[in-house]
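Subject: Structure handover

Hello,

My notes on it follow below.

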Amino acid sequence: MIEVRRLNKSFGDLQVLKDVDLKVEKGEVVCLIGASGSGKSTLLRCINFLEQGQSGEIWIEGRLVEGKKDNLAKIRQEVGMVFQLFNLFPHKTVLGNVIEAPVMVKKVPVKQATEEAVTLLEKVGLADKAGSYPSQLSGGQKQRVAIARALAMHPKVMLFDEPTSALDPELVGEVLTVIKQLAREGMTMIVVTHEMAFAREVAEWVVYMDEGRIVEISKPAQMFDEPREARTREFLSRVLQKTDQNSETRSA
Amino acid sequence: MIFQKKWMVLLLALLMGVVLVVTGCADDAAPPADPGAAEEPEVFRYAMSGAYQPFSYFDENDNLVGFDVEIGAALAEAMGMEAEPVPTPWQALPMGLGTRYEAIIGSMTITEERLQKFDFSDPYYRSGPKVFVQADSGITSVEDLTADSTIAVLMESVYEDLAAEITDNLKFYESDMLALRELGSGRADAVITDQIVGLTNARELDLDIIAVGDILIVEEIGIAIPKGNPELLARINRALADIKADGTYLAICGKYVGGDISGD
Amino acid sequence: MGIVEYFIYFYGLLVNSGPIFTQATILTLRLTATALLLGIVIGLFFAMLKISKNRVFNCIADAYITIIRGTPLIVQIFWIYFGLAPILDIPAFWAASLALAVHNGAYIAEIFRGGIQSINRGQMEAALSLGMTYLLAMRRIILPQAFKRCIPPLGNQFIIGLKDSSLAAFVTMPELFMIAMRRANRWPGDALEYYTIAGLYYLALVVVFTFLVKKLESRLDVDK
Ligand SMILES: Nc1ncnc2c1ncn2[C@@H]1O[C@H](COP(=O)(O)OP(=O)(O)OP(=O)(O)O)[C@@H](O)[C@H]1O
Ligand SMILES: [Mg+2]
């Protein structure tokens with residue numbers, strides 16, 4: 001479905017991705033974890049060519065995507081992306097956000113696009129917000145609209161970049177529920193997340209990245225219970241400790 | 001990048017379109033250059049400042065009128081052309097010559113300096129200081145003035161020196177108009193001032209005064225045309241002679257200045 | 001003349017010159033509207049060049065903006081009207097409009113550039129990730145948002161453009177300032193009054209325009 005081969009990416013002197021290899025099969029959910037600055041976002045952004053690597057290959061559906069030469073817009077239609085900060089279009093209503101790309105890019109008639117959009121909004125639990133503007137929504141609602149917007153293009157893959165990091169803790173659940181639902185429906189997904197419980201629950205594979213390299217790819221059970229790499233263990237103990245502290249302060 | 005370029009090309013095309021529209025409009029408005037349409041009279045465009053009474057100015061109804069304007073119209077008619085006066089700020093007059101208009105009929109004095117930049121027609125009027133006296137004073141020439149005569153002049157003007165050659169009895173005024181008023185009411189025997197300024201004020205103020213004798217220092221005012229067009233120059237000079245001969249010139253003088261200023 | 005008499009006198013001049021100044025106002029508005037519409041096209045074009053990643057495009061935009069902002073408008077007007085006359089013999093109206101457009105275009109380019117760059121990068125990325133082309137994303141997502149932010153500075157620029165159109169007088173356009181000049185030349189004693197009257201017309205136009213911009217702004221704010 002998606003294959004990344006020996007991808008290297010630098011910003012000036014800073015090498016952010018180092019010989020990254022990653023393979024995601026159809027219907028798989030892959031969770032990307034790792035410390036801040038380890039290159040997770042950059043990897044996602046390279047997959048749909050918001051960034052371009054200096055070397056390496058990206059294969060989508062068995063086709064090598066050649067950056068400039070290929071029609072990136074066409075390829076991006078197949079790869080939906082959900083951002084940490086939602087990036088909804090503030091000058092358009094919720095409905096307007098969802099039908100924008102189908103109508104303008106795929107030339108779907110407005111009526112049909114609207115019907116589909118309403119179905120999608122029902123699916124993410126926001127049918128009643130169709131006429132609202134993004135500024136009138138909570139963070140969790142915004143992110144669910146962003147998911148519906150990406151789904152409206154019928155992508156074959158969905159990329160999530162920390163979809164819940166910008167949310168208040170009590171809003172995280174509603175977004176994760178929607179993503180889990182997608183996972184159950186068999187959507188191929190790559191999810192960058194700090195929600196370890198979520199990763200454990202939905203991921204086929206968990207990928208741990210550190211300083212631009214993929215350190216370990218394991219099944220969730222192995223990754224979280226007996227990671228093969230020392231660095232992974234170190235990272236996880238740090239993260240899980242912090243999560244414990246958080247839940248302690250929350251319950252206190 | 002590819003898409004950015006597309007965007008640029010689109011905008012560039014839009015810009016080109018606008019330029020085309022602009023120049024297209026220009027073609028509509030410009031005089032027909034088609035030599036086939038010979039029955040349309042050629043246009044004679046001539047420029048003046050429009051801010052120099054009584055030679056060129058805008059009247060109550062915002063119509064461009066004045067001596068220069070009508071001379072241009074008369075010349076155009078004599079040349080069998082259609083007159084189109086182009087009012088242009090004084091400082092900018094030389095810039096448009098040859099492109100925006102064929103001639104400057106703008107009360108431009110012929111000077112050595114200007115002769116290096118343009119060609120000038122024969123003078124179409126002359127100016128310079130003249131002696132003005134009361135109409136019934138019996139004075140008919142400059143020689144009739146004596147050392148006893150009182151002459152009124154504009155303060156610190158070049159006319160002061162001219163007057164001082166005739167008499168020591170000088171009276172100074174802040175404007176030509178005041179000096180001429182004094183003359184009209186008999187408190188001075190003569191005024192020395194520019195002939196046209198004198199004639200115009202006499203008319204406007206309804207003074208019973210006349211100019212006597214010749215211009216004391218002559219300034220010749222000509223029609224400027226681009227250098228190296230003897231054909232046009234000859235044509236204009238011929239037309240100028242024609243309108244002088246048939247009385248048109250004098251009529252225009254009478255209308256705007258109140259006396260012959262050809263200086264011939 | 002007492003104050004009351006003077007006022008009546010001034011009022012008389014104002015009324016009598018009304019028809020001519022009204023005509024002149026129409027010309028002033030035509031000049032300004034043409035110049036600013038063209039200026040928006042020019043401004044948008046150079047804003048695009050300026051934000052593009054192509055060095056050559058950047059340089060072209062920089063050169064244009066530097067030259068235009070670094071030289072007086074009157075020089076540009078004369079340059080187009082007199083200087084270009086041998087190759088581009090366009091009527092005074094178009095010469096003046098074009099000069100004003102080219103001049104305002106430089107400032108509008110900067111306004112648009114600022115507006116576009118003030119839009120979060122995430123907006124373009126979200127649009128691209130949905131399969132939109134750069135062109136489409138610009139048109140549908142970035143420019144509508146940027147344009148809204150550009151309205152206050154654009155309104156400001158339009159007011160400047162309106163007042164700057166008075167310089168068209170120097171290439172024979174009988175707009176407001178020209179009419180005042182002509183009247184002041186014809187009746188030097190009333191010069192002060194005629195320049196005041198012209199000023200009042202400009203002031204009225206600016207006040208009305210400011211009001212319209214405010215209204216537009218608040219209307220567009222509703223859905224924000
Ligand atoms: N456009 C850019 N220009 C320069 N450096 C960048 C750019 N984008 C990212 N970086 C750098 O690349 C490195 C990796 O960034 P990236 O956003 O991929 O990390 P991340 O793993 O997503 O971190 P986080 O968990 O904080 O989101 C960081 O050091 C970051 O500062
Ligand atoms: Mg990140």
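How many aromatic pairs are there over all chains? The count is 22, where rings of Phe, Tyr and Trp (its six-membered ring) pair if their centres lie within 6.5 Å.

Conventions: this is a predicted model, in which local features need pLDDT of at least 70, side-chain atom pairs count only at pLDDT 80 or more, and totals for chains, interfaces and linings use all residues. Residues are numbered from 1 along each chain as its sequence is written, chains are lettered from A and ligands numbered from 1 in the order written, and side-chain values use heavy atoms, without hydrogens and water.

Aromatic rings. Phe67(B) and Tyr249(B) pair edge-to-face (planes over 60 degrees apart). Their centres are 6.0 Å apart, with 80 degrees between the planes. Phe67(B) lies in α2 and Tyr249(B) in α9 of chain B, so the pair ties together parts 182 residues apart in sequence. Phe67(B) is buried at 0% relative accessibility (buried means under 20% relative accessible area, 1.4 Å probe, protein chains only). Tyr249(B) is buried too, at 2%. Ring pairs link both into a cluster with Tyr52(B), Phe55(B), Tyr124(B) and Tyr125(B).

Ligand 1. 13 residues surround ligand 1 (a heavy atom within 4 Å). Among the closest are Ser36(A) and Lys40(A). A polar side-chain atom of Ser36(A) lies 2.6 Å from a ligand oxygen. For a side-chain N or O atom of Lys40(A), the distance to a ligand oxygen is 2.9 Å. α1(A) gives the largest share of the shell, three residues.

Best regards

Notes: A polar contact is a pair of N or O atoms within 3.5 Å; within protein, one must be able to donate a hydrogen and the other to accept it, and residues adjacent in sequence count only if both atoms are side-chain atoms. Helices (H or I, at least four residues) and strands (E, at least two) are DSSP runs, numbered from the N terminus. Rings of Phe, Tyr and Trp (its six-membered ring) pair if their centres lie within 6.5 Å; planes under 30 degrees apart count as stacked, over 60 as edge-to-face and the rest as tilted. Buried means under 20% relative accessible area, exposed over 50%, partly exposed in between (1.4 Å probe, protein chains only).
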